[in-house]
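Please read the numbered points with the model in view.

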Amino acid sequence: MKSSWKIHVLTLGCMLALAGPAAAAETLLAKTDLRLADARVTAELWGDRLPSGYSDDLLVLLKDEQGSLVTAYAPSIKGGYYPMLEAVQVKPVPKKAVAAGSVGTVAQSGKTAQETSAEAAQQLLLSVGQGDWQAPSEFRVLDFADTKKVAELFSSAESMGLVSRVYIKEEKLHVELKDGQKNVATLPKDVVPGRLYYGGLHSLTAYDVDGDGQQELLGTQQLAGGKQNVADVGAIWQLQSDDKWKHTNITIMTTTPTPKSNTVNDGKEIATGVILPRKIVVPGGEATYPVFVSKDVKLQNKLNELLRKECAEYLASFYQGRADMAFKVISATDKLVSLELISGKTSFLHHHINLDPKTGNIVKLDQLLNTQDPDLLPLLRLLCTNKNIQLEQKLPAEWYIEGNNLFLLQRICGKDEVAGFALGNLHKFIKDKRWIEKKSD
């Protein structure tokens, strides 16, 4: 094993004395802002990235506003793919500051639980994939309350999930959890009994479920037979005052086999990175939303901030128990990525995000078509086979490209109406053909 400068940083106890030059020899893998009790810092994840994309020898650095090193910590993750950092607030809000209660509870200081939480120290959620987008990930929550003794609040034991044994007997799925709980679920008819596999958690999402200012962690573990996902095991993890985790809302949700042509909730490699699925399973519902990982850390942060904003409405509906959520990568070329967000239970709403994968900017329809040409709307009305869509005055705001067709979407009376148009019929109005060029093989 190679001798790294990182190990010397930790063993010599002179972390503060070593600044940027040594770290500059490593690869910056992820970066985010982090609020400590008395300061705001930047958290950076460094490591050795191999040509395969695997990164090892990981090290988290905290730097102050001047760029000076505050502390360094080597997490207990050997390495992996798609590393990400996220600031979270999973420690309990002090009871003396906030009385126990529901959303909007007012603290003795006159502040709500959310306002008190917004001033509290944050922790750092680190995720590192252990294979492609279908494989489990390693998750850690790092606490820097004592910068000389960093604590892993969510460690390797928690990251391995809650399942201790799983098997199929008499067409029933039997799942045993680490706490001794046993569960039996009915398998869909099309599931072929066989040996099941389970690894660690596939997903971990921080969210303040009960509105007390403390975020819970919503984790999902997959049970698979070969490459077919058979069931998801979901749970809500809440950190107690003794730094132990309490598990609630444990849910086992079997999944119906889907054909390979169904790519809803699939990850996707794009020109500048990878779109990964993050899944939440709770009693009565599930939500899968996209995140983005790239070698370009600045682009990664920009796109994830954009995706958070675009997903916010649909995730809010999920957390309120009104709708499930899913997503689909409709198309992905070197120039244009079209994502579809889906929300609903029995009827569904759709929202489309069209991105330039190189800049992270939203691509608008007037960048593709000459929307000011007076002949465009009359032609669209003539070609449109969906008579519910209104094209008298302006183009719909929602659009996407799939194959050689442009699709326009309009929400009318709470229902999504879609109309497709062959791009060849619109060649006169195409302003910039780079958005529709096929990705070269």
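1. The model is a predicted one. Across the whole structure, a search finds seven aromatic pairs. One of them joins phenylalanine 154 and tryptophan 245, and because their ring planes stand at 80°, with centres 5.5 Å apart, the pair is edge-to-face. Phenylalanine 154 belongs to strand 8 (residues 151-154) and tryptophan 245 to strand 16 (residues 245-254), so the pair ties together parts that are 91 residues apart in sequence. Both phenylalanine 154 and tryptophan 245 are buried.

2. A stacked aromatic pair is formed by tyrosine 400 and phenylalanine 407, at 5.0 Å centre to centre and with 10° between the planes. Tyrosine 400 has a relative accessible area of 9% and is therefore buried; phenylalanine 407, at 19%, also counts as buried, since the cut-off is under 20%.

3. Tyr54, Tyr81 and Tyr82 make up one aromatic cluster.

4. An open sheet is built from three strands in the order 9-10-11, with antiparallel pairing. Strand 9 (163-169) and strand 11 (182-186) each have a single partner strand, so one side of each is left without a neighbour in the sheet. On average, neighbouring strands of this sheet are turned by 20° against each other, direction ignored.

5. Strand 10 (residues 172-177) and strand 11 are joined by five bridges. Histidine 174 has valine 184, in strand 11, as its bridge partner.

6. Glutamine 122 is found in the loop between helix 3 (113-117) and strand 6 (123-129). Its relative accessibility is 16%, so glutamine 122 counts as buried. Leaving aside neighbours within four places in sequence, glutamine 122 is in contact with Asp33, Leu34, Arg35, Ala87 and Val88.

Note on methods:
Residues are numbered from 1 along each chain as its sequence is written. This is a predicted model: local features need pLDDT of at least 70, side-chain atom pairs count only at pLDDT 80 or more; totals for chains, interfaces and linings use all residues. Side-chain values use heavy atoms; hydrogens and water are left out. Two strands pair if DSSP finds at least two bridges between them. Helices (H or I, at least four residues) and strands (E, at least two) are DSSP runs, numbered from the N terminus. Axes are lines fitted to C-alpha atoms, for helices over the stretch in contact, and angles run from 0 to 180 degrees between N-to-C directions. Buried means under 20% relative accessible area, exposed over 50%, partly exposed in between (1.4 Å probe, protein chains only). Contact means heavy atoms within 4.5 Å. Rings of Phe, Tyr and Trp (its six-membered ring) pair if their centres lie within 6.5 Å; planes under 30 degrees apart count as stacked, over 60 as edge-to-face and the rest as tilted.
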